Amino acid sequence: MESFNPQDFSWRGLTLTPAAAEHIRTLANKQAGVLGVRLGIKQTGCAGFGYVLDTVTEPNDDDLMYESDGARLYVPLQAMPFIDGTEVDYVREGLNQIFKFHNPKAQHECGCGESFGV
């Protein structure tokens with residue numbers, strides 16, 4: 001049986017809303033050496049997987065990079081089967097401002113929206 005290799009696939013990619021792109025640009029401009037943001041996943045939460053965001057000063061060899069309006073979003077190749085096609089937004093909810101993920105692969109999410117299952 002052959003093993004799964006993410007490099008064998010064509011990906012739709014990820015998109016950034018104008019608000020998400022603006023926030024990523026702001027983060028990069030505030031910190032010297034920051035190129036953008038990496039969106040990954042980890043096993044966590046009640047639904048199975050959670051999103052992980054980190055600033056990027058040096059891309060990893062396996063990162064795919066998506067750019068929108070001068071903002072760079074890096075995604076580890078191994079995360080693509082779980083988040084391909086996701087739209088990343090940045091919204092205000094009450095007094096908080098947070099990234100929101102519209103993931104077509106997510107079959108269910110936990111009540112707090114912090115984790116998802118595929």
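R38 is buried, at a relative accessible area of 13%. Its salt-bridge partner is D63, and D63 is buried as well, with a relative accessible area of 13%. Please keep in mind that this is a predicted model.

**Salt bridges**

- The model holds three salt bridges, counting a Lys or Arg side-chain nitrogen within 4 Å of an Asp or Glu carboxyl oxygen.
- In the pair of D63 and R38, the closest N and O atoms lie 2.7 Å apart.
- E93 and K100 form another salt bridge, at 3.0 Å from N to O.
- E93 is partly exposed at 38% relative accessible area, and K100 is partly exposed at 31%.
- R72 and E67 also meet through their side chains, with an N to O distance of 3.9 Å.
- That distance falls within the 4 Å cut-off, so the pair counts as a salt bridge.
- R72 has a relative accessible area of 30%, which makes it partly exposed, and E67 is partly exposed too, at 48%.

**Nonpolar core**

- The largest nonpolar core has 20 residues, and those touching the most other members are L14, L16, L39, V75 and V88.
- At least two residues of this core come from each of α1 (18-30), β2, β5 (71-76), α2 (80-83), β6 (87-93) and β7 (96-102).
- Beyond its neighbours within four places in sequence, L16 is in contact with A21, I24, S68, A71, L73 and V88.

**Helix α1**

- The 13 residues of α1 reach 18 Å from first C-alpha to last, close to the 18 Å expected at 1.5 Å a residue.
- Which residues of α1 are buried? They are A20, A21, I24 and A28.
- Viewed down the axis of α1, these buried residues fall within an arc of 100°, so they line one face of the helix.
- The cover over the buried residues of α1 includes β1 (15-16), β2, β4, β5, β6 and β7.
- On the face of α1 turned away from its buried side sit the exposed residues P18, N29 and K30.

Technical notes. Residues are numbered from 1 along each chain as its sequence is written. This is a predicted model: local features need pLDDT of at least 70, side-chain atom pairs count only at pLDDT 80 or more; totals for chains, interfaces and linings use all residues. Side-chain values use heavy atoms; hydrogens and water are left out. Buried means under 20% relative accessible area, exposed over 50%, partly exposed in between (1.4 Å probe, protein chains only). A nonpolar core is a set of buried Ala, Val, Leu, Ile, Met, Phe, Trp, Tyr and Cys residues joined through side-chain atoms within 4.5 Å. Helices (H or I, at least four residues) and strands (E, at least two) are DSSP runs, numbered from the N terminus. Contact means heavy atoms within 4.5 Å. The expected span of a helix is 1.5 Å times one less than its number of residues. The arc is that of the directions from the helix axis to the C-beta atoms.
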